[in-house]
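Please keep the sequence and the model in view while reading.

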Amino acid sequence: EHRQAAEKALRDRIRDFEKRLDQYYQIAESFQSKADTMRSSDIKANVAELDELRKNLLQAQEEAARVAREQALLEKDPTSFPQIQQAESVVEPFEKLWRTADKFFVQTEAWISGSFLQSKAEEVEEEL
């Protein structure tokens, strides 16, 4: 009876977890439609959303490992969660885009507002 309860609880947890993973994937895909805006505030918001998504995907990997351990204890086949890797693959190029754009805006402001004579050509070239 305890085993059945544990198995049911685990099945319910997996179902809820898969729903969460589907949401993460949808968030990752949403970055495809955000590529047409380049305002500084939008870029910062996108980077913050990427940070949150990365945190959630890392926690999802940890949860997937916990689920696999529980399934092993219950002598069940492990469930795979391809949505984690799929979301990471979908978001990767957009993450590079938004992080590069954010860095560019921050650096551009420093270059424009700062002293031209204090700028070091090698550092500016490397930052670009």
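## Salt bridges around aspartate 12

Aspartate 12 forms a salt bridge with lysine 8, and the closest N and O atoms of this pair are 2.8 Å apart. The model is a predicted one. Both aspartate 12 and lysine 8 lie in helix H1, where they are four residues apart, about one turn of the helix. Aspartate 12 has a relative accessible area of 24%, so this residue is partly exposed. Lysine 8 also counts as partly exposed, because its relative accessibility is 44%.

Arginine 15 is partly exposed, because its relative accessible area is 42%. These contacts belong to a network of salt bridges that links Lys8, Asp12, Arg15 and Asp16.

## A second pair in helix H1

Another salt bridge joins glutamate 7 to arginine 3, with 3.0 Å between the closest N and O atoms. Both residues of this pair lie in helix H1; glutamate 7 and arginine 3 are four residues apart, which is about one turn of the helix.

Are the two partners buried or exposed? Glutamate 7 has a relative accessibility of 14%, so it counts as buried, the cut-off for buried being under 20%. Arginine 3 is partly exposed, because its relative accessible area is 40%. Over the whole structure, the search finds 14 salt bridges.

## Overall fold

The protein chain has four helices and zero strands. Read from the N terminus, its elements run α-α-α-α. Among the contacts in the chain with a separation of 6 or more, 81% are between residues 24 or more positions apart.

The chain has 128 residues, and 30% of them count as buried. Its accessible surface comes to about 8,900 Å², and carbon and sulfur atoms account for 53% of that area.

## The nonpolar core

Which residues have the most contacts inside the largest nonpolar core? This core has 24 residues, and those with the most contacts inside it are Phe17, Leu21, Phe31, Leu53, Phe81, Ile84 and Trp98. H1, H2 and helix H3 (82–113) each supply at least two residues of the core. H2 gives the largest share, eight residues.

Isoleucine 84 can be followed in more detail. Leaving aside residues up to four places away in sequence, isoleucine 84 touches Phe17, Leu21, Leu57, Ala60, Gln61 and Ala64. Two of these partners, Phe17 and Leu21, are also named among the core residues with the most contacts.

Met38, Phe104 and Phe105 make a nonpolar surface patch of about 270 Å². Methionine 38 lies in the loop between helix H1 (2–30) and helix H2 (40–73).

Definitions and conventions:
Residues numbered from 1 in each chain as written. Predicted model: local features only at pLDDT ≥ 70, side-chain atom pairs only at ≥ 80, totals over all residues. Heavy atoms only, no water. Buried < 20%, exposed > 50% of the residue type's maximum accessible area, 1.4 Å probe, protein only. Contact = heavy atoms within 4.5 Å. Areas by Shrake-Rupley, 256 points an atom, 1.4 Å probe, with all protein chains shown as cover. Patch = residues over 30% accessible without salt bridge, like charges linked within 9 Å, V, L, I, M, F, W, Y side chains within 5 Å. Salt bridge = Lys/Arg side-chain N within 4 Å of Asp/Glu carboxyl O. Core = buried A, V, L, I, M, F, W, Y, C linked by side-chain atoms within 4.5 Å.
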